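Please read each point with the sequence and the 3D view open beside it.

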Amino acid sequence: MVHIAIISASIRKGRKSHRIALFFKDFLEKNNHATAGILDLLAYNFPLFDERLKFQEFPLPAVLDFAEKIKTADGVIIVTPEYNGGYPSSLKNAVDLLYDEWHHKPVAISTVSDGPFGGTQVITSLQFSLWKMKAWVVPATFPVTRVQDTFDENGDPKEKSLAEKRAGNFIHELLKTVEILNH
Ligand SMILES: Cc1cc2nc3c(=O)[nH]c(=O)nc-3n(C[C@H](O)[C@H](O)[C@H](O)COP(=O)(O)O)c2cc1C
């Protein structure tokens, strides 16, 4: 079975987008689409970026763990909030640590906001950074609007059938790319 790493990007106290990472882990596993693990940037607590991992003399165990988990995952879901029209510094701080690990890595982006637009303004900047590192960002999105009302703290959606239908379409694009790459 394929393995998907889910990056939960918000490290904010009271963060809400983590709910979507929980939702995807549950969705992937209960439907036997994949095994899944959450790479929680709050838990990793990386220091402010000063150099890429491959040029670090004494890399932190947390950084090595993150790199290994991205490298060995068949695909990656990035769950990111939108902060002032961009993605959070916590995410930039983590993605720039790696380079070769992103090559040919299928990546699907889910954007999250507490308002009506679902954080979609993040897409182009994040997609471009990943493209520069030769990741394969799939042409599917999973914008989440009003996250505080639409998903509970455990990642359970209020409108389950709608959320699962949308998630199915999103995951299909990611798994299709994984399948093509694995052939
Ligand atoms: C610094 C900052 C900037 C934000 N900018 C936006 C924004 O541009 N658009 C938007 O829809 N929500 C914005 N929000 C609200 C987030 O959508 C909201 O916090 C949401 O819950 C997702 O982020 P979280 O996972 O950190 O909670 C912003 C929040 C913060 C903390």
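1. Leaving aside neighbours within four places in sequence, S17 is in contact (heavy atoms within 4.5 Å) with S10, V79, P81 and V112. S17 itself lies in the loop between β1 (3-8) and α1 (18-30), where helices (H or I, at least four residues) and strands (E, at least two) are DSSP runs numbered from the N terminus. With a relative accessibility of 4%, S17 counts as buried; here buried means under 20% relative accessible area, exposed over 50%, and partly exposed in between, with a 1.4 Å probe and protein chains only.

2. Basis of the values. This is a predicted model, in which local features need pLDDT of at least 70 and side-chain atom pairs count only at pLDDT 80 or more, while totals for chains, interfaces and linings use all residues. Residues are numbered from 1 along each chain as its sequence is written, and side-chain values use heavy atoms, with hydrogens and water left out.

3. The nonpolar cores. A nonpolar core is a set of buried Ala, Val, Leu, Ile, Met, Phe, Trp, Tyr and Cys residues joined through side-chain atoms within 4.5 Å. The largest has 30 residues, of which I7, L41, F66, L91, W102 and L130 touch the most other members. Two or more residues of this core come from each of β1, α2 (41-44), α3 (61-72), β3 (75-81), α4 (89-95), β4 (106-112) and α5 (122-132). A second, separate core of 26 residues includes F27, A108, A140 and V144. Apart from neighbours within four places in sequence, the contacts of L41 include I7, I11, F46, F66 and L91.

4. Helix α7. This helix covers residues 160-182, and its 23 residues reach 31 Å from the first C-alpha to the last, close to the 33 Å expected at 1.5 Å a residue; the expected span is 1.5 Å times one less than the number of residues. Its buried residues are A163, A167, F170, I171, L174, L175, T177 and V178, and they pack against β1, α1, β3, β4 and β5 (136-141).

5. Aromatic pairs. A search of the whole structure finds 11 aromatic pairs, where rings of Phe, Tyr and Trp (its six-membered ring) pair if their centres lie within 6.5 Å, and planes under 30 degrees apart count as stacked, over 60 as edge-to-face and the rest as tilted. The rings of F23 and F151 are edge-to-face, because their centres are 5.2 Å apart and their planes stand at 65 degrees. This pair links distant parts of the chain, with F23 in helix α1 and F151 in the loop between α6 (147-150) and α7, 128 residues apart.

6. A cluster and a charge. Ring pairs link F23, F24, F27, F142, F151 and F170 into a cluster. Over the ring of F142 sits the charged end of R166, 4.4 Å from the ring centre; such a placement requires NZ of Lys or CZ of Arg within 6 Å of the ring centre and within 35 degrees of the ring normal.

7. Backbone points to check. Which value does phi of H104 come near? Phi of H104 is near 60 degrees, a positive value in a residue other than glycine; H104 is found in the loop between α4 and β4 and, at 48% relative accessibility, counts as partly exposed. R146, in the loop between β5 and α6, has a phi near 40 degrees, also positive in a residue other than glycine, and counts as partly exposed at 40% relative accessibility.
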